[in-house]
Amino acid sequence: MCGITSYLGYRDAYPIVINGLQRLEYRGYDSAGIVLVDDEHNVNLYKTKGKVSDLKEIAEKNNTSGCMGLGHTRWATHGIPNNENSHPHTSNSGNLVIVHNGIIENYDTIKKELLTRGYTFKSDTDTEVLVNLIEEVKKQNNCKLGKAVQMALTNVVGAYAIAIFDVTKKDEIIVARLGSPIAIGIGEDNKEFFVASDASPFIEYTKDAVYLDDEELAIIKLGRDIRIRKINDDSVVETNVQELKLNLEQIEKGGYEHFMLKEIHEQPKAILDTYRGRLLADKGIIKMGSVDNNIAKFLNANRIIIVACGTSWHAGLVAEYLFEDLARIPVEVEYASEFRYRNPVINKNDIVIAISQSGETADTLAAIKLAKSKGAFVFGVCNVVGSSIARETHSGAYTHAGPEIGVASTKAFTTQITILTLIALKLGNLKGELSNSVFHHYLQELNLIPAKVENLLKINSEIENIAAIYKDAPNCLYLGRGYNFPVALEGALKLKEISYIHAEGYPAAEMKHGPIALIDEFMPVVVIATKKGHYDKVVSNIQEIKSRNGKIIAIVTKGDTTVKEIADHIIEIPETEEAFSPLLTTIPLQLLSYHIAVMRGCNVDQPRNLAKSVTVE
Ligand code: AGP
């Protein structure tokens with residue numbers, strides 16, 4: 001959940017490393033640090049509690065020269081956010097400097113051993129223990145840094161992505177990974193190298209990148225090809241250089257005040273890009289190579305088990321309604337963190353679908369490994385190309401949402417639902433659950449969704465007005481039925497994570513079994529009341545709340561006249577099939593939480609205590 005970045009080459013390292021940290025800040029942002037080594041081997045290390053902007057202020061009052069640098073933006077796990085615990089950390093000799101993303105679980109045992117050997121520690125972090133362990137191994141074995149790192153890591157339990165160098169050697173960096181991502185950018189003729197948690201810090205410098213796999217270590221030396229080794233047996237690994245397809249424009253705000261607002265407005269294009277080459281409505285077909293190549297598995301599946309976390313889990317819940325309704329395949333939706341430790345029963349013909357925007361969420365990755373170890377076919381739905389989950393699953397489909405930088409997931413959610421809708425429709429038709437005419441009608445309707453989202457985004461200012469009324473509400477409830485129950489959960493999560501207002505989502509009928517006790521004139525209740533989704537039942541739920549003075553914000557289908565009479569505020573969405581309505585109903589909920597958070601002065605793109613990808617459990 002931290003961001004690491006590094007540069008080694010002929011350019012000034014400072015601007016590259018500090019800009020890289022700013023691009024990675026969405027990963028974690030409670031403290032930051034940078035170390036630079038100049039031509040005279042002077043080591044300048046600056047680190048501070050707070051944001052990368054605070055670090056810049058400190059560094060730019062001092063010497064920032066040098067063509068070698070390491071940077072880190074932190075999300076605390078071991079040791080509170082403060083100056084001492086922020087990275088980089090140096091070894092007792094001062095020669096080795098390290099940045100680390102992950103958790104060393106057995107750091108305490110190692111620390112105790114090192115203390116007996118006279119090592120001292122300035123911080124409470126597991127990372128400082130690791131750099132001193134590497135120093136001790138290097139000393140004991142009188143070996144090169146690469147070897148010392150490899151040997152030290154065989155004694156480590158936990159997750160890590162590290163970059164480390166010896167300040168006395170200005171042409172070499174060692175990086176290693178287990179569980180946390182590392183990308184290496186290769187400059188022309190190996191004259192410069194970039195290291196980062198993802199490729200965004202170096203896309204304007206090179207399009208050639210290597211993604212390290214788990215249990216791999218790379219020795220990066222100027223003027224020479226990268227050498228990759230397996231950590232457990234030092235065996236040689238072939239270097240697989242990939243061409244990056246990302247561009248700078250994609251990772252900048254494009255004139256919007258926040259990445260979240262930009263990403264909300266990118267959804268029509270993101271859904272269209274996710275359709276591209278897959279939804280051929282005029283031909284009446286859905287083409288998905290990764291599903292077509294495994295179609296027998298899908299058609300003979302006894303059960304689909306979906307594993308995910310957070311917003312991706314909500315997309316999984318929408319998929320449960322899609323697969324059971326359209327393809328009549330039983331589905332179970334599992335929190336990956338619970339699934340991985342529950343010793344779940346997985347049968348031969350079960351399919352596991354793992355959903356993840358970042359492709360790096362530790363609990364989901366572990367759930368995948370568990371499912372594979374029990375013989376299940378695991379299909380991934382991911383947004384980040386080359387991510388760990390994309391490489392760990394047997395097969396999968398990418399959501400083409402483009403980089404999602406705002407911590408609150410928006411376009412990834414709608415594109416995840418888009419992929420899952422395409423798969424459910426395809427299987428439903430192939431299994432004969434959907435007649436060709438119904439199937440073709442659905443494809444035509446799905447084709448209209450991007451334009452309907454585009455149209456819906458025009459109500460942004462209406463939502464802003466409603467937000468202004470409820471921005472100081474202490475609590476909020478979200479209600480939905482059927483396909484829109486998961487959307488209610490997602491709406492509540494969005495409000496919680498960016499405005500810090502306590503909010504809960506519920507199946508509308510559940511109200512009577514407890515939550516209705518919360519209703520009074522101070523409780524805003526967002527209700528999704530689309531025409532085709534158990535409408536009459538939802539209307540009576542709305543009346544139950546109104547009769548207790550609750551404030552109703554209703555999401556209704558355009559032209560609704562009934563709810564209009566009861567609710568305090570109505571937000572109209574275009575009509576569509578109920579199965580596709582989550583792609584529309586979620587938009588006003590994203591905008592509502594966004595505007596409330598902005599009006600409360602919250603950091604919308606980097607909410608407190610959160611990080612974009614949770615790479616530790
Ligand atoms: C959603 O807005 C949050 N950022 C969080 O719940 C997120 O969905 C969760 O951490 C899962 O992330 P993933 O999709 O990258 O696996």
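The lining of the second largest pocket in this predicted model divides into 10 nonpolar, 11 polar and 4 charged residues. In total, 25 residues line the pocket, and C309, G310, A611, K612 and V614 lie nearest its centre. Two or more lining residues come from each of the elements α10, β20 (350-356), α12 (362-373) and α17. Among these elements, α10 gives the most to the lining, with 3 residues. The volume of the second largest pocket is about 520 Å³.

What takes up the space of the second largest pocket? The ligand does. The ligand is surrounded by 14 residues, and the closest are S312, S356, S358, T361 and E497. By class, this shell has 4 nonpolar, 8 polar and 2 charged residues. The helices α10 (310-326) and α17 (485-499) each supply at least two residues of the shell. With 3 residues, α10 gives the most to the shell around the ligand.

How much of the accessible area of the ligand does the protein cover? On its own, the ligand has 410 Å² of accessible area, and the protein covers 91% of it.

Conventions. Residues are numbered from 1 along each chain as its sequence is written. This is a predicted model: local features need pLDDT of at least 70, side-chain atom pairs count only at pLDDT 80 or more; totals for chains, interfaces and linings use all residues. Side-chain values use heavy atoms; hydrogens and water are left out. A residue is near a molecule or strand if one of its heavy atoms lies within 4 Å of it. Accessible areas come from the Shrake-Rupley method with a 1.4 Å probe; for residues, only the protein chains shown count as cover. On a 1 Å grid over the protein atoms alone, a cavity is a set of points where a 1.4 Å probe fits but cannot get out, and a pocket is an open set with protein on both sides within 12 Å along at least five of seven lines; lining residues have an atom within 4 Å of a point. A molecule sits in a cavity or pocket if more than half of its atoms lie within 2 Å of its grid points. Helices (H or I, at least four residues) and strands (E, at least two) are DSSP runs, numbered from the N terminus. Ala, Val, Leu, Ile, Met, Phe, Trp, Tyr, Cys and Pro count as nonpolar, Asp, Glu, Lys and Arg as charged, and the others, Gly among them, as polar. Grid points are joined across faces, edges and corners, and a volume is the space filled by probe spheres set on the points.
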